[in-house]
Every structure is written in C-alpha cells, then in structure tokens.
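This report describes one protein chain for a reader new to it. Please look at the sequence and the structure below before reading on.

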Amino acid sequence: MKSTVVVVAAVIVAPGGRVLAAQRAEPAALAGGWEFPGGKVDPGENERAALVRECREELGVEIAVGERVGGDWPLSPGYVMRVWLCSLISGVPEAKEHLALRWLGPGDYYDVDWLGADRPIMKTVENLLPR
C-alpha cells in the first residue's frame, strides 16, 4: 500500500490578525492561485522542522510554530496537508519561490483566489483569530 505524502503549511499570523498568503508559481495547474506557504515533509523529517525549513527556503524567514489547525486536510489522492499557526521570529517574507506574497487582514481574507485546499483552512483560521 502506498503511504500518504504529508504536506505542511504555515499560517503566519502578524499583529492585527493579518495572515500571509503566497501566490503559486508552479505547477501550471495551480499557478496564480493563493496558498499558505509550506511544502512536503522529507523522509525522516519532523513535521514542525519541515515547516521551519520550508519557510526559510521559500520566504527567507524564521518562524515559531504554534498550535495545529484542524486535522488532516485532504489534497489530491495520496496527499494530506497539516497546518499550524505560526509567527515570525525574524526576517521579512520574500517571494523566493512564489509569484507574490500578500498580507491579508480581517475583512480582506478573501480578496485573493485561494486554492481549493486552502479556502476551508482560511475559513477555520478566521474563527481562531482576533477580530
């Protein structure tokens, strides 16, 4: 039986309930859509460590990983996403692997075209953040 690939995602929260959205550059089917930054967990890697590594590689920032959001979020067959609330420790996010980055605050969380897998996460996160 094929094992499930775990993808981790960071909901980076800034003061005022702002969250960081990242616009996909690839693959072509997802390019232009918006997501929470993150990526696949490498074999033998801890999920939280993968999240820290991915944010360092994709955004050039150091994060603190906080509480997990929900359970396993389904992606394509054979893939699940696990999501954590995070905060910036140092650095200013840069779009190293994305087309663009955008901070979204209460009232404009849905001003971007979230990818199908990330939209329900945003709805859940919205209820966890201060208004």
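Which residues lie nearest the centre of the largest pocket? They are Val7, Arg24, Glu26, Leu30 and Glu35, out of 23 residues in the lining. The model is predicted, with local features needing pLDDT of at least 70 and side-chain atom pairs pLDDT 80 or more, while totals for chains, interfaces and linings use all residues. Residues are numbered from 1 along each chain as its sequence is written, and side-chain values use heavy atoms, without hydrogens and water.

The volume of the largest pocket is about 590 Å³. A pocket here is an open set of points on a 1 Å grid over the protein atoms alone, where a 1.4 Å probe fits, with protein on both sides within 12 Å along at least five of seven lines; lining residues have an atom within 4 Å of a point. The volume is the space filled by probe spheres set on the points, which are joined across faces, edges and corners. The lining divides into eleven nonpolar, five polar and seven charged residues. Strands E1 (5-14), E4 (38-40) and E6 (79-90) each supply at least two lining residues; strands are DSSP runs of at least two residues and helices of at least four, numbered from the N terminus.

| Residue | Loop | C-alpha separation |
|---|---|---|
| Arg24 | between E2 and strand E3 (34-35) | 22 Å to Gly107 |
| Pro37 | between E3 and E4 | 9.8 Å to Glu97 |

Contact means heavy atoms within 4.5 Å. With the same exclusion, Pro37 touches residues including Val8, Leu20 and Glu58. Pro37 counts as buried because its relative accessibility is 1%, where buried means under 20% relative accessible area with a 1.4 Å probe and protein chains only.

Leaving aside neighbours within four places in sequence, Val19 is in contact with residues including Val11, Phe36, Trp103 and Val125.

Note on methods:
Ala, Val, Leu, Ile, Met, Phe, Trp, Tyr, Cys and Pro count as nonpolar, Asp, Glu, Lys and Arg as charged, and the others, Gly among them, as polar. Buried means under 20% relative accessible area, exposed over 50%, partly exposed in between (1.4 Å probe, protein chains only).
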